[in-house]
Amino acid sequence: VLEVAIISTSMPQTTAALRLNRNQQRLVALLTILGLTLTLSATMRHVVLRPIRDLAAAAQRIGRGDFSVRVPVTIEDEIGALAAAVNQMAGHLQRSYTELEQKAADHAAMATENAALYAQVRQHAEVLEARVAARTSELEVANHHKSEFLANVSHELRTPLTAIKGLVDNMLDGL
């Protein structure tokens, strides 16, 4: 052995140095965990929460009747599948709403046409009722004249017939 070095330190200094080193390691571990937590939180916010907020906003707009809204599908995971389903639902709702609007317009046009036809039918009915009333009145007058005519004719025919009958009876009796 050529050389020997003896290093001596006191136990309290070594213990204090070990404690300081351990505290530094704990601080580094704590800061690392905190950094990882913040990074993971930001990533979760970007990957999970933002798409969920976008879906919620789209659902609210769809609920208010804006069926043209579409959610961007950025990832092929469960949230992406949900976004695609919301987009498909909005498309179906938009088509259904358009069909309903067309049917409502058709029904409104039909109702307007029916109202016009009803007014025409009502007008024709009033005209016919007036004609029936006029014809009834004319028939009543004609029936009255017929009755008077028949009464007069009957009277005028009975009087000479009665006279002729009386004369025939007298002739048969030899008078």
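The crossing of helices α1 and α2 is left-handed. The model is predicted.

**Exercise 1.** Find how the axes of α1 and α2 are oriented to each other.

*Solution.* 
Step 1: Locate the helices. α1 covers residues 11-63 and α2 covers residues 78-172.
Step 2: Take the geometry. Their axes come within 10 Å and cross at roughly 10°.
Step 3: Apply the cut-off. Angles under 35 degrees count as roughly parallel.
Step 4: Conclude. α1 and α2 are therefore roughly parallel to each other.

**Exercise 2.** List the residues where α1 and α2 meet, then sort them by type.

*Solution.* 
Step 1: Start with α1. This helix brings V47, V48, P51, I52, L55 and I62 to the contact.
Step 2: Turn to α2. Its partners are I79, L82, A83, V86, M89, A90 and L93.
Step 3: Sort them. The contact holds 13 nonpolar residues, no polar ones and no charged ones.

**Exercise 3.** Describe the largest pocket: its space and its lining.

*Solution.* 
Step 1: Give the volume. The largest pocket holds about 210 Å³ of space.
Step 2: Look at the lining. It has 15 residues, and R50, P51, D54, P72 and T74 are the closest to the pocket's centre.
Step 3: Name the elements. α1 and α2 each give two or more residues to this lining. α1 gives the most, with six.
Step 4: Sort the lining by type. Nine of its residues are nonpolar, three are polar and three are charged.

Notes. Residues numbered from 1 in each chain as written. Predicted model: local features only at pLDDT ≥ 70, side-chain atom pairs only at ≥ 80, totals over all residues. Heavy atoms only, no water. Axes fitted to C-alpha atoms, helices over the stretch in contact; angles between N-to-C directions. Helix = DSSP H or I, 4+ residues; strand = E, 2+ residues; numbered from the N terminus. Parallel < 35°, antiparallel > 145°, perpendicular 65-115°, else oblique. Left-handed = near helix turned anticlockwise from the far one by under 90°. Contact = heavy atoms within 4.5 Å. Nonpolar A, V, L, I, M, F, W, Y, C, P; charged D, E, K, R; others polar. 1 Å grid on protein atoms, 1.4 Å probe; cavity = no way out; pocket = protein on both sides within 12 Å on 5 of 7 lines; lining within 4 Å. Points joined across faces, edges and corners; volume = space filled by probe spheres on them.
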